[in-house]
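Here are my notes on the model you sent over. Have the structure open while you read, and go through the points in order.

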Amino acid sequence: GKEKIILKTLDIERWNLECEFNNLDHHTDLNGADRLIVRRGQKFTISLYLRSGNYQPGLSSLDCVVETGPQPSEENGTRASFGLSAVIDTSRWSAAVTSPPGNTATLAICSPPDAPIGRYTLTLGQSGRIEFILLFNPWCPGDRVYMDDERSLEEYVLSQDGIIFRGSAKYPVPTPWNFGQFESGILDICLKILDMNPKCLKFPGKDCSKRGIPTYVSRVLSAMVNCNDDKGVLLGRWTNNYDGGVSPLLWRGSVEILRSWDRQDCLPVRYGQCWVFAAVACSVSRALGIPCRVVTNFNSAHDTNSNLVIEQYIDEKGALMKSREMIWNYHCWVENWMTRPDLKSPDFNGWQASDPTPQEKSHGVYCCGPVPVRAIKEGELTFKYDAPFVFAEVNADVDYFMKKADGSQSKVTYTSTVGQKISTKSVGSDAREDITHLYKYPEGSDEERATFEKANHQNKLLQQQEQDQGLHLTIKVGSDIRKGCDFDVFAVVTNNTESQKKCRLVFGSCAMSYNGNVGENCGFKDLLNVELSPGAGEPIPLRLNYSKYGGLITEENLIRLAALLLDYSGGQPMLALRNIVLDNPEIKVRILGEPKENRKLAAEITMQNPLPEPLEECCFSIEGANLTVGPGEDAKVKIYFTPTHSGLRKLVVDFNSKKLCHVKGYRNVIIGK
C-alpha cells in the first residue's frame, strides 16, 4: 500500500512582516513602513524564522486563518482558513512558501480581489497572530476598482493635493486643496468612519462582509461625510454666521477636518459646504484605494420635486424671491472609478457620481449615488442610485415668473443653461479639464433630444420648438474686476425687429452666496424710457462702487447682476442674469534655497493690498502634504517648513485679515532626495 506522509507543522520562533518591501510593492509606502498595509488580489511576503527543524516542500504544513470585523464568518467572507499550497492562487485566500528548504521560510500570502477591505488578523498555526490592513487595489485587473492607466492612478489614488474649481461658469477659480490621504493617522480615521456608520453599528457582521463592494463603500461614505443622520464628519452651514466653528472657506485641506472629528469623539466638525464635503470624501476614497476626483458643476440645479423644472420668482424690480428650489452658482461632488456588475451592462462601468453634500434624502438617508456618469448622459433615470437628482443638477430647466404687486404673475423670457463647464483637475497638471461631454450630449443634437425623451423631460422638448423674440438682452462685464476697485457692468439691449421700441429697463446687482441665496443691493437703476431704433443695440452701464459693495459681499466675492426688460408694446418681460466673481489679489511664493527632504526650507510670501484702506490683523498660513511647519522670525513674510518626503508638492498659502480674507495662493515645489 501507499506510505502515509505525516506533515510536520512549521515551528515558528519569530517573523518579519517586511513592511518596507511589501508597502512599496503595494503602493502604500506613503503611509510609512511601521506596519503592514497591503492591497487585495496581490501577494505579499513575510519571513518566518523557525525555532527547530527545516522547511521541507511537501512535508511541512501551516494552518492559516484570516479574520476581519467583529463577527468573522466563512459564509460572510470575513473569515478564511487555508493551508500551504504549491503555488499562490490569486482568486482566493492562499499561502505558499517561495524559498528553498532551510531554517527560514519566505511565506507568500494572497487575498482574493473581492475580499472585504479593513483590519485583518492572520493566525499562523499555534505560533501567533499578525495584524495587517487590506485595501482596494486599482492596480489589480480582478478588482472592481481596476484602472489601467499609470498616470491616472498617480493622480486619482496617490496624489495628495489637487485643485477644486469654484467661482462661476464664466470665471472658474482654481482653489488648491491638500487631500493628505497618507498623512499620519488618516487611514485609521478612514476605517473608523466605516465602523461608525449606522449599518455597521446595527449589523456589524453584514456591514463588514459588504466592504469588498466599492459601490457599497462609496455609498456609505456619501452618507458619513455629512452628519445629518449619523456620527458623520462634517456639519454643513450655508449662512454667513459660522459661530462655534470654522468658515468653510478657511479649510485648506482634509487632514485637520478628519483629525478634529477623530479627536472630538466623532462629533461633527463645523462647518462644511459642497467643496469641503467633496474634498473630504475624495481623501477618504483615495486612502481606501478607490480612484476618486472632485468635480464641479457650474449653474447646478437643486430640484426638490423631481419634475426637472426649477421655478424661480422675481418681483417687479427683478429681485429674486426666496424659493426652496435653487440654482447654485456651482456645486461640487466626487466621481469614483469602478465597475457596476449590478447594472448588467459594461457601458456603465467607469466614473460614478457620488455626492456627500446633504441635499435630499435617498432611501431615508442624506446621501446620493453612486450613479454611472454614462447613465446621466443617456437619460437612464431608473439606474441606481439617485439618477433623477443628478440628471436634474446638470439638465433641469429654469422657469422665471414675475410676481406683481396686485398678486398676479406672468412668465418671463429667460434663456437658462444649467450644467455648464463641468470641471475637474487634469491628470498630471493644474489645468482645468472640461468633462461636460461625459454628462451630456451637445446642445441641440439628436442624441440630446433622444436623452430628454427617455428621461421624459417634457419642458426641454417644448422649449426646443419655441422661436426667438425680436428683443435681445445680455449682460457684459470687463475682464479686470478686482475686489477693492470701482467698475462698470453693462446691460446690452438689442432691437432685432423692424420697428422702433420703447422699453423699461430695471438693472440691479446684489451680493450672493454660491448656493444661490441673494443678499443686499450693491447698485441699482430703473430706466423708464429706453428707446431703441430698429437693428440698434444699446449698452447701459451700472457703476459698482467698493464703498457700497465692499461691506455687503460674502467671503465668496460674488455679485449677482440682473437686468429686466419690459416692452411697452406687449410681449413677455425678458430677464438676463449673470454672476460675477471679484478677483482677489495674487499671492506670490518664492522658495529660498534648494528644496531637499528633511532639510529646513524658507519661502518668501508677498501680496499687495488691493483695498483703498489699510488691512488689519493680517495672517498668512501654509499647508502641504508631508510638510512640517515651524514659525519663522517674521511669519507674515517668511515661513519656514521642512519637507519630509521627496517629489512634487503643493505649498498652499492662505491670507486672512479683517477686511480681506480667504485669499488663496499656491506654489508647486519639487523636493529633491
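1. A polar contact here is a pair of N or O atoms within 3.5 Å, where, within protein, one must be able to donate a hydrogen and the other to accept it. With that in hand, look at T175: its side chain makes such a contact with the side chain of R166, at 3.1 Å. Keep in mind throughout that this is a predicted model.

2. Where does T175 sit? It is in strand β13, residues 171–178. T175 counts as buried because its relative accessible area is 5%, under the 20% cut-off. Setting aside neighbours within four places in sequence, T175 touches G162, I163, I164, R166 and K664.

3. Now the overall picture. The protein chain has 14 helices and 38 strands, and its C-alpha trace spans about 115 × 65 × 40 Å along the principal axes. Of its 673 residues, 55% count as buried. Among contacts with a separation of 6 or more, 66% are between residues 24 or more positions apart.

4. The largest nonpolar core has 62 residues, and W177, L234, I257, W275 and L288 have the most contacts inside it. Elements giving two or more residues to this core include β11 (128–135), α7 (255–263) and β18 (326–338). The largest share, 12 residues, comes from α8. In soluble globular proteins, nonpolar side chains tend to be buried together.

5. I257 is worth a click. Beyond its neighbours within four places in sequence, I257 is in contact with W177, V233, L234, W251, V269, V276 and V280. Apart from this core lies another, of 48 residues, with L471, F487, V530 and I559 among them.

6. Some backbone details to check. Most residues other than glycine have a negative phi, and most peptide bonds are trans. The R270 to Y271 bond is cis, with omega about 10 degrees, and Y271 belongs to strand β15. The bond from G369 to P370 is also cis, with omega near 0 degrees; P370 is in the loop between β19 and β20.

7. Which residues have a positive phi? D265 is one, near 60 degrees, and N557 is another, also near 60 degrees. D265, in the loop between α7 and β15, is exposed at 64% relative accessibility. N557, in the loop between α14 and β30, is buried at 2%.

How values were computed:
Residues numbered from 1 in each chain as written. Predicted model: local features only at pLDDT ≥ 70, side-chain atom pairs only at ≥ 80, totals over all residues. Heavy atoms only, no water. Helix = DSSP H or I, 4+ residues; strand = E, 2+ residues; numbered from the N terminus. Buried < 20%, exposed > 50% of the residue type's maximum accessible area, 1.4 Å probe, protein only. Contact = heavy atoms within 4.5 Å. Core = buried A, V, L, I, M, F, W, Y, C linked by side-chain atoms within 4.5 Å.
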